[in-house]
Amino acid sequence: MGRTLYLNENSNINVTRDGPSVWIQWCSGSGQRVPARLISRVVIIGNVKLEAGAITLFTENDIPVVFLTKSGEEVAVALPYNHKLPTHYEEQKVFLETAENSQRFENWANTKRMVIQVSIMRRLYRKSSYKFKFGFGEGNYQKLLSPFKPRSEDKWTAVTNVINNLFRLLIIEHLIKAGLDLHMGVIHRRHNFGLALDICYIMGGESDLQAIKFFRCAESDHIEKISGNWTLTDKGMRNIIQRFENRKVALHNIVSSIIDEIFELMRQLRT
């Protein structure tokens with residue numbers, strides 16, 4: 001498991017390619033060389049001076065790069081490319097061959113999503129006598145989640161935009177390594193990055209928990225309103241990134257388990 005390289009908007013930073021590494025230079029004269037082999041994914045936030053050669057270095061090494069605005073919205077993704085289809089492209093088509101197969105995938109995905117949601121509710125309501133059981137439904141989940149959310153839905157959206165993009169990038173990295181087609185989703189059929197969105201949907205409870213923890217400890221200088229829109233400050237962005245990194249090993253394991261089950265479901269449907 002490699003590291004995530006985060007490059008946040010800073011007028012004093014310049015990123016260039018240096019052979020098999022990137023060189024990160026500050027105007028103070030200090031710099032740091034980061035070998036590409038140590039990086040698994042790259043997150044670029046805001047306006048960063050980045051040499052095109054650095055981007056091609058990442059893509060040559062199968063490292064996905066996501067570009068975010070300061071408000072956390074995803075504006076672009078750079079991925080490794082060749083003319084060949086992903087290794088398991090033909091096998092994946094089994095999910096879309098019949099309505100029954102698609103429904104089988106959706107039933108599995110909804111069950112997995114519910115398992116994670118129940119686990120999150122048990123953690124949030126640990127002191128409650130209420131016993132959470134599978135099958136309590138999406139509506140009940142959202143109702144139970146609402147006391148932990150801020151009054152402003154826009155505030156919640158600004159934070160979850162960033163978190164969901166970090167989740168998607170992690171998922172994309174795993175899908176590339178697994179040789180699966182990123183875009184061949186079932187729930188999000190005919191969407192760009194459809195399969196990544198399907199897995200992100202399954203892991204919704206985990207991303208909700210990250211947002212809840214942010215608002216539990218968020219200070220006034222973590223999020224601010226600019227031109228009518230809530231935007232994370234540098235401190236707020238660091239808060240989210242640090243929490244995500246602290247949970248990274250567990251999230252890696254969850255994504256790996258989901259992908260393993262996708263392969264198992266493909267084998268079942270093809271036989």
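Is Arg267 buried, partly exposed or exposed, and what is its relative accessible area? In this predicted model, Arg267 is partly exposed, with a relative accessible area of 47%. The residue forms a salt bridge with Glu264, in which the closest N and O atoms are 3.1 Å apart. Both residues belong to helix α10 (residues 248–270), where a spacing of 3 residues corresponds to about one turn of the helix. Glu264 is likewise partly exposed, its relative accessibility being 35%.

Side chains of opposite charge can pair when their charged atoms come close. Across the whole structure, the search returned 12 salt bridges. One of them joins the side chains of Lys93 and Glu90, with an N to O distance of 3.1 Å. Lys93 is partly exposed at 30% relative accessibility, and Glu90 is also partly exposed, at 48%.

A further salt bridge is formed between Arg113 and Glu138, with 2.8 Å between the closest N and O atoms. Arg113 is located in helix α4 (residues 99–124) and Glu138 in helix α5 (residues 138–145), so this pair ties together parts that are 25 residues apart in sequence. The relative accessible area of Arg113 is 9%, and because buried means under 20%, this residue is classed as buried. Glu138, in contrast, is partly exposed, with a relative accessible area of 34%.

Salt bridges also occur as a network, which links Arg41, Glu173 and Lys177.

Terms used. Residues numbered from 1 in each chain as written. Predicted model: local features only at pLDDT ≥ 70, side-chain atom pairs only at ≥ 80, totals over all residues. Heavy atoms only, no water. Salt bridge = Lys/Arg side-chain N within 4 Å of Asp/Glu carboxyl O. Buried < 20%, exposed > 50% of the residue type's maximum accessible area, 1.4 Å probe, protein only. Helix = DSSP H or I, 4+ residues; strand = E, 2+ residues; numbered from the N terminus.
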